[in-house]
Amino acid sequence: MASGMKGKVKAGEEFQQYFNKQAKTGTEKLDFYWEVENGVLPVLPPVLEMEQRIAIALFRKDDPSSTGFVPVHPEIFGARVVPGVVVAPPKSTIKFHNADPFVHELYSDDLGKLFPPELQSSQQTRQVQFTNPGVYRVSCRTTPHLAGYVVIVEGVVAVKTPDAEGNFSFEEMDPGDYIVKIYFDGSVVGEKAVTVVDSDKEKDIAQVEIEMKPPALAADGPGKGDGKTSGKVETKAPEDVAKEPEDQGKDEKKGKGEK
Amino acid sequence: MFASKFWNFLLAIIITVLAVIILLVPVSVNESHVQSTRSILLKDRTQLEAVLKMEARARIDSTIAFAVDPEVRKYLAMANRFKPTEKFTGEEQDALLASLRKVNENLGPMAADILFVVDKKGTVVAQIGENERSSGYSLRGFPLVDSAIRGYLRDDTWIRDGKPYRMAARPVIHQGTYEGAVIHGMRMDRKLAEVLSAATHAQAALFVDGLVTDSVAPKPQAGDEEKEAQGVTFPGDNAINRCLGESVFTDENYTKKGRSNLVLCEMEPESGKGEMVRFFVTALKFVGEARNKDAGVAIIRTVPQGITVEQFIRAPERRAELASRKGMLGVIGAVAFFLILVGLLVVYLEGDRPKSRFLAEVEGMAAREGERLNIYRFRGKYRKIADAVNRAIDNAVKVLVSKATSDAPTVDKILGPKGTVERLSQPQFQIPEKISLDDIAPPPDLSSPPKPEAPRPPAPRPEPPVTAETQKDMPHAAGPKPPLPAPRPPAAKPMPPSKKEQDPETRYARIYKEFFDTKTTCGESTEGLTYERFRATLKKQEEAIFERTKCSSVDFRVYVKEGKAALKATPVK
């Protein structure tokens, strides 16, 4: 018997202000000669695309292991990393697939030589093993605005991406006490404890609603990558990736990279 | 002499100044070239930034042609109504592409090399320039696209498949709503380098990933002939790459701010010989995303090389310039010629002419035209020389006269030393070594016959010189001096006349005259020297010598002793 959890993520007022400010200045210094309003219609405010910027991670309260974890592999689409936040336990191997019709050159300063800039053609995949806990920023030399975050943290058992309205759900969960953490750009912006009961009734499905707060006000998230992470980076052709086994979790548990 | 000295001093100064100019001017000129090149390049950099900014604005403005095109707006609105699974293809896409191409052709120099039309989600609906059949992929992640679909006009720079593009975007508004955006891209290639080079009159080089992709040297303009004459050459891509890699990209300002300081680099000359060619380089990273890919533009100015005399003479352009400056050169030549003439005149007046005059004077003196040099005919150094010559002559005459008189026979030489037993005879009277003026009487009147001497009363007169020897012989040597005896009467025994002068008076007069003249010549005073006194003393001494030596006659000679007139008596047997 198994049960599940449903929830909703909301952006509080403070978080919205934080996001608007960040959208205006950007995480990278955006430099240009001109950015002027069109003079016909008022410009639209920046939109928080939850399905792209938010990751919801589930942790067991009494079990630090990540048994049964299945990682999410992001792809490069529209010159963005989708989803923008990937949460995984240590020794996870993450694949980055280039779905754009043009070349990217991904790298991570936090990984240093383990993930150096390298041309990645359309439909090509690079993968890297993240050994140590930490937050790793992945960037691209040809599209420097591109930013993806890989959060390596102990105890994570499942990760979901909300829809545009912030709704999410976890199914087939073991009963027990859980902690739900909301990640935005690698930082924890909200968390809540949830108890899942052993029931198959709809009314017993745990309901949770989490309001996001700016990272400084939210619970402490995992620390920044220490740069000492050992990992293995490989680039694969699309056909090779297609042949990979469905169950990648087994290999992830072994802490080895895939071939 | 002052003028010639001054002229020589002036000449020395001119030569020194010329030497200093020759040595220092090339250094100063080269330093001036470096500084001026640096200043100009700083202005170039400012101008380059302004040009890039205005060019970005021009590109943004050019996108309005697409944004207001009815076909573009219509088809973009249609694409936005498609479901996510549907793709904008077929006839509608062809019609949209045709409209885009037409508008793009009308833009002329601002035509896009690549153009995207994206819907309100940032998905490409159509594109021209590259992969024109591509669509359906997203550009939403680009800040340029995100800004444009929200209503901003913006510029940016992209690196797409390794090629740098300068981008501009504008929203497309249809029926009061945002329907998407037009993304306009122009390649950063030789055309842009030409524009930047023309705007700054400097060499412009575009680079991506730290390597030059295109470089353009400025086209020659009016007045650039002088630059060519100054040896201005432009570095090639290899030299620029080396300079960028070694000096510019390591510059702190470049890594932090994207704008390097001015860096001075060197390269081998094209000929492989001669001095290294120096050039200033400054680099700017492109504003926008391409910045991250080490893409930017460098502007270069070569420091003009120093011109040697040979190059100056051989350069035809410089010759033409020389011809135009002939008037000034003529003036300089005339002034130099005048200065040379003045110098020669001064040397003649103060050097050659006095020398020749002195020589003529000396030759005249040698030809007995004068015994001494007239010092008042000379000036300065020559006057001193003439005076020294005169003094030398005087000294020589004195020596000669002294020598001549010292060699003549004297009484002492003949009779032996005075007061000794060896002396042949002892005169009855004492011949003073010097005859006092008071002892000599004035000369007689030789025109009348001589009168017999009458006894005269004794007259007071100065004593004759007294020596130690004479004091012994004199009766009152130790006591008070008695009055001198009266002149003695003519000698009983007449003095034998000489062969030529039988008349003793004539002889006395001659001796007196000689003595008188010698004293005058020696500059002695002749006051009180009378013939009567002189004659009386002479006669007295003569009689004394007669008595002692029993000689037939006594010869008196006048001579100069120690610069004074003296008289010597020599007995003749």
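This is a predicted model: local features need pLDDT of at least 70, side-chain atom pairs count only at pLDDT 80 or more; totals for chains, interfaces and linings use all residues.
1. Two strands count as paired if DSSP finds at least two bridges between them.

2. Strand β2 of chain A (residues 35-37) pairs with strand β3 of chain B (residues 152-160) through three bridges, in the antiparallel sense. Within this pairing, Glu35(A) has Arg154(B) as its bridge partner in β3(B).

3. The contact between the two chains involves 29 residues of chain A and 33 residues of chain B. On the chain A side, β2(A) supplies the largest share, namely three residues. By class, that side of chain A consists of 17 nonpolar, six polar and six charged residues.

4. Chain A also contains an open sheet of three strands, in the order β14-β1-β17, with mixed pairing. Strands β14 (167-173) and β17 (206-212) of chain A stand at the edges; each has a single partner strand, and therefore one side of each is left without a neighbour in the sheet. From one strand to the next, the twist averages 20°.

5. Within that sheet, strand β1 of chain A (residues 3-11) runs parallel to β17(A), and seven bridges join the two. As a point of reference for inspecting the model, Lys6(A) stands opposite Gln207(A), which belongs to β17(A).

6. Phe207(B) lies in strand β6 of chain B, which covers residues 203-208. Is Phe207(B) buried or exposed? Phe207(B) is buried, because 26 other C-beta atoms lie within 10 Å, and the cut-off for burial is 20 or more.

7. The surroundings of Phe207(B) can be listed by residue. Leaving aside residues up to four places away in sequence, Phe207(B) touches Val212(B), Thr213(B), Leu244(B), Ala295(B), Gly296(B) and Ala298(B).

8. A remark on confidence is in order for chain A. The average pLDDT of chain A is 81, and 80% of the residues score at least 70. Over residues 220-259 of chain A, however, the pLDDT is below 50. Beyond near neighbours in sequence, this stretch of chain A has 75 contacts in the model.

Conventions:
Residues are numbered from 1 along each chain as its sequence is written. Chains are lettered from A and ligands numbered from 1 in the order in which they are written. Helices (H or I, at least four residues) and strands (E, at least two) are DSSP runs, numbered from the N terminus. Axes are lines fitted to C-alpha atoms, for helices over the stretch in contact, and angles run from 0 to 180 degrees between N-to-C directions. A residue is buried if 20 or more other C-beta atoms lie within 10 Å of its own, exposed if 12 or fewer, and partly exposed in between; C-beta atoms are placed from the backbone. Two residues are in contact if their C-beta atoms, placed from the backbone, lie within 7 Å. Ala, Val, Leu, Ile, Met, Phe, Trp, Tyr, Cys and Pro count as nonpolar, Asp, Glu, Lys and Arg as charged, and the others, Gly among them, as polar. pLDDT is the predictor's confidence in each residue, from 0 to 100.
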